[in-house]
Amino acid sequence: MLTKKSKTIIFILDEFNQKKIPHCIARNYQKFPDFKSDLDIFYLNHLKQVKKILIRTAKKFNWDYLIYDDK
């Protein structure tokens, strides 16, 4: 049975794939989708779409926080 965290990760990566956003998981991918802490995803030149995906994900999975820091 998948955890909420695993479902969230799968949802995000499915969205990236549907939108054809090139991406990769930086580390700890061997345990996909069961990550113990955070997930580092690299993507290329699709910031606007990525923000939309993360906002949609936050609403769908009832995140408490979603912070964007551009510094």
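Reader: To begin, where is Lys-19 found?
Author: Lys-19 is found in the loop between H1 and strand S1 (23–25). Helices (H or I, at least four residues) and strands (E, at least two) are DSSP runs, numbered from the N terminus. This is a predicted model, in which local features need pLDDT of at least 70 and side-chain atom pairs count only at pLDDT 80 or more, while totals for chains, interfaces and linings use all residues. Residues are numbered from 1 along each chain as its sequence is written, and side-chain values use heavy atoms, with hydrogens and water left out.
Reader: What does Lys-19 touch, not counting residues up to four places away in sequence?
Author: Lys-19 touches Gln-49, Ile-53 and Arg-56; contact means heavy atoms within 4.5 Å.
Reader: You mentioned Arg-56. Which side chain does the side chain of Arg-56 meet in a salt bridge?
Author: The partner is Glu-15, at 2.7 Å, N to O. The pair links distant parts of the chain, with Arg-56 in helix H2 and Glu-15 in helix H1, 41 residues apart. A salt bridge is a side-chain nitrogen of Lys or Arg within 4 Å of a carboxyl oxygen of Asp or Glu.
Reader: How many salt bridges does the structure hold?
Author: The structure holds one.
Reader: Is Glu-15 buried or exposed?
Author: Glu-15 counts as buried, because its relative accessible area is 10%. Arg-56, at 34% relative accessibility, counts as partly exposed.
Reader: A new topic: how much space lies in the largest pocket?
Author: About 710 Å³. On a 1 Å grid over the protein atoms alone, a pocket is an open set of points where a 1.4 Å probe fits, with protein on both sides within 12 Å along at least five of seven lines; lining residues have an atom within 4 Å of a point. A volume is the space filled by probe spheres set on the points, which are joined across faces, edges and corners.
Reader: Which residues lie nearest its centre?
Author: Of the 24 lining residues, Ile-12, Leu-39, Leu-54, Trp-63 and Leu-66 lie nearest the centre of the largest pocket.
Reader: Which element gives the most to the lining of the largest pocket?
Author: H1 gives the most, with six residues.

Key. Buried means under 20% relative accessible area, exposed over 50%, partly exposed in between (1.4 Å probe, protein chains only).
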